[in-house]
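This report describes one protein model for a reader who has not seen it before. Please look over the sequence and the structure before reading on.

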Amino acid sequence: PNKYVIAPSILSADFARLGEEVKNVLAAGADVIHFDVMDNHYVPNLTIGPMVCKALRDHGITAPIDVHLMVSPVDSLITEFIDAGASHITFHPEATNHVDRSLQLIKNGGCKAGLVFNPATPLDAAKYVLDKLDIILLMSVNPGFGGQAFIPTALEKAREARKMIDDAGIDCRLMIDGGVKVENIRECAEAGVDMFVAGSAIFKSPRTQESYKATIDSMRD
Ligand code: DX5
Ligand code: ZN
C-alpha cells in the first residue's frame, strides 16, 4: 500500500457517467474512492446511498470504497452499506447516540471504521475508542458541499490527532476532507495527514483520465 492514500470524492464527479468516472480516476492512480452520503437532515444536501455503492460493485469496481456518512441516525445505513460492498465506513460522533456501538457494528461487518470531526468539534470522542479506530477523518470544511475553501485550523487539529495516534501506537489513518488541493496538500502531509480526500480539485474540466492523472501525480509529488 502507498504511504499516502489519495481518495477522490465522487461528489464532484459527473453522476450521469459515474461508473466511467470511477474507472477513469482509478486508472489515473487513485487509491480509494471516497463516497459522500448526505441525508438532507444531518447536512443540508442530498446525495447517494447504498444502491449506488452496490451498482459500482456490480459494475466491476474492486477498489476500496470509503463511505463518509453525513447522516443521522447512522446505524441502519451502516448495515446497508456493509451489504452494499463498502470497505471503510466513517460517521460523525454527534450523529449517533452510541458511538462505540456504531463503531462495533462497522467492525463486525468486516469494514474499517472511523470517526469524522467537523471543524469546530474537538477530538474528545476519539479518546476512549481509539482501539476501534482505523481512520480519524478531519473535516477542513463544514460538511455538505464540494468546492469550499480549506479551513486552516484543521492543520493544528491534524498535528494533535497525529500525536494521539502515535502516542497510542495504533494502526490508524489520519484523513483530511475539504478544500484539499495541489497547493495545500504538502502542509497537510507535514501536519501528519496520510490520507487525502479531494473532490473538486480532481474532478474538474476536462473530465478525462489524463487530467485526473495529472492532478493526482502532482498531489503525490
Ligand atoms: C464535503 C464532503 C467532501 C467533498 C470535498 O461535505 O465530505 O468529501 O466532496 O470536496 P472538495 O474536495 O471539493 O472540497
Ligand atoms: Zn467526504
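In which sense do β5 and β6 pair, and over how many bridges? Strand β5 (residues 112–117) and strand β6 pair in the parallel sense, over 4 bridges. The model is a predicted one, and the sections below go through its parts.

## Overall form

The protein has 7 helices and 8 strands. Its radius of gyration is 16 Å, close to the 17 Å that the globule rule gives for 221 residues, so the protein is as compact as a globular protein of that length. The C-alpha trace spans about 45 × 35 × 35 Å along the principal axes.

Of the 221 residues, 43% count as buried. Among contacts between residues at least 6 apart in sequence, 63% join residues at least 24 apart.

Helix α5 (residues 153–168) belongs with β6 and β7 to a right-handed β-α-β unit.

Strand β3 (residues 65–70) is largely enclosed by the rest of the structure, because 6 of its 6 residues are buried. I65, V67 and L69 are buried on one side of the strand, while D66, H68 and M70 are buried on the other. Both faces of β3 are therefore covered, as the burial of 6 of its 6 residues implies.

β3 runs parallel to β2, and 6 bridges join the two. One pair of bridge partners is I33 and I65, the latter in β3. β3 also runs parallel to strand β4 (residues 88–91), to which 4 bridges join it. In that pairing, H68 stands opposite T90 in β4.

Two right-handed β-α-β units include β3. One is made of β2, helix α2 (residues 50–58) and β3. The other is made of β3, helix α3 (residues 75–83) and β4.

## V22 in helix α1

V22 lies in helix α1, which covers residues 18–27. Is V22 buried or exposed? It has 22 C-beta neighbours inside 10 Å, and so V22 counts as buried.

Which residues does V22 contact, apart from its neighbours within four places in sequence? They are I10, I33, L56 and I61. I33, which V22 contacts, is also the residue whose bridge partner in β3 is I65. V22 and A63 are 41 residues apart in sequence, and their C-alpha atoms are 9.6 Å apart in space.

## Surroundings of ligand 1

How many residues surround ligand 1? There are 22, and the closest are S9, L11, G146, G199 and S200. The elements that give two or more residues to this shell are β2 (33–38) and β8 (195–198).

By type, the shell residues divide into 8 nonpolar, 12 polar and 2 charged. β2, one of the elements named for the shell, is also joined to β3 by 6 bridges.

Technical notes. Residues numbered from 1 in each chain as written. Chains lettered and ligands numbered in written order. Predicted model: local features only at pLDDT ≥ 70, side-chain atom pairs only at ≥ 80, totals over all residues. Rg over C-alpha atoms; globule rule 2.2 N^0.38 Å. Buried ≥ 20, exposed ≤ 12 C-beta atoms within 10 Å, placed from the backbone. Contact = placed C-beta atoms within 7 Å. Near = placed C-beta within 6 Å. Nonpolar A, V, L, I, M, F, W, Y, C, P; charged D, E, K, R; others polar. Pairing = 2+ DSSP bridges. Right-handed = clockwise from strand over helix to strand, strands pointing away.
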